[in-house]
Amino acid sequence: MGVLRFLGIASEKGASDILAITQMMTDQNTSFQDLDLRETYQISDQERKVLFQRLRRAIRTGLANLANMYLDDMGDEIITEYANSLYEYKNVRTEMLFLQGKRSSGGKVSVQHFLNGLVQLI
């Protein structure tokens with residue numbers, strides 16, 4: 001998917017999970033919070049936690065990459081669109097400040113917000 005390549009996370013371990021979940025969301029015409037991943041994947045609570053950890057890591061990497069791109073070119077409309085749709089701009093801004101050494105922590109990621117936003121973009 002082009003968005004994942006743009007964010008630099010197409011080869012991350014969680015990328016295939018992101019693609020599979022967004023495909024399910026599209027096929028079922030539903031939001032992330034309405035998916036029952038335990039039932040769909042037939043996984044235990046522990047396996048679900050591992051899945052979410054993979055997703056968060058990939059999404060976090062995308063946030064850092066997007067913030068770095070934004071620092072290089074603040075006027076790029078695509079970067080701004082992805083910042084708002086996938087991460088909420090405030091989190092990208094916080095990550096930018098973290099990367100510049102102006103904050104002690106970076107932006108937060110929401111798996112739900114990212115995946116819902118990603119489905120809206122495709």
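Helices in these views are DSSP runs of H or I with at least four residues, numbered from the N terminus. The model is a predicted one.

**Figure A. Q42, a non-glycine residue with positive phi.** Start in the loop between α3 (37-41) and α4, where Q42 sits. Q42 isn't a glycine, yet its phi is positive, at about 55 degrees. With a relative accessible area of 61%, Q42 is exposed, because the cut-off for that label is over 50%.

Figure B. Is D17 buried or exposed? Its relative accessibility is 10%, so D17 counts as buried. Setting aside neighbours within four places in sequence, D17 is in contact with Y41, L51, R54 and L55.

**Figure C. How α4 packs on α5.** Helix α4 (residues 45-72) and helix α5 (residues 77-87) have axes that come within 10 Å and cross at roughly 150 degrees. Angles over 145 degrees count as roughly antiparallel, so α4 gets that label relative to α5. The crossing of α4 and α5 is left-handed. On the α4 side, the contact is made by I59, G62, L63, L66, M69 and Y70. From α5 come I79, T80, Y82, A83 and Y87. Sort the α4–α5 contact by class and you get nine nonpolar residues, two polar ones and no charged ones.

Figure D. How do the two rings' residues fare for accessibility? F6 is partly exposed, with a relative accessible area of 30%. Y82, at 14%, is buried.

**Figure E. Y87 and F114, a tilted pair.** Here the ring centres of Y87 and F114 are 5.4 Å apart and the planes are at 50 degrees, so the pair is tilted. This pair, too, links distant parts of the chain, with Y87 in helix α5 and F114 in helix α7 (residues 111-121), 27 residues apart. Y87 and F114 are both buried.

**Figure F. Buried residues of α7.** Which residues of α7 are buried? They are V111, F114, L115, N116, G117, L118 and V119. The cover over these buried α7 residues includes α1, α2, α4 and α5.

Figure G. α5 and helix α6 (residues 89-99) pack with their axes 7 Å apart, at an angle of about 110 degrees. That makes α5 roughly perpendicular to α6. A83, N84 and Y87 of α5 meet Y89, N91 and V92 of α6. By class, the α5–α6 contact has four nonpolar residues, two polar ones and no charged ones. In the loop between these two helices you'll find E88. E88 is not a glycine, but its phi is positive, at about 70 degrees. Its relative accessibility is 34%, so E88 counts as partly exposed.

Conventions:
Residues numbered from 1 in each chain as written. Predicted model: local features only at pLDDT ≥ 70, side-chain atom pairs only at ≥ 80, totals over all residues. Heavy atoms only, no water. Axes fitted to C-alpha atoms, helices over the stretch in contact; angles between N-to-C directions. Parallel < 35°, antiparallel > 145°, perpendicular 65-115°, else oblique. Left-handed = near helix turned anticlockwise from the far one by under 90°. Contact = heavy atoms within 4.5 Å. Nonpolar A, V, L, I, M, F, W, Y, C, P; charged D, E, K, R; others polar. Buried < 20%, exposed > 50% of the residue type's maximum accessible area, 1.4 Å probe, protein only. Phe/Tyr/Trp six-rings, centres within 6.5 Å; stacked < 30°, edge-to-face > 60°.
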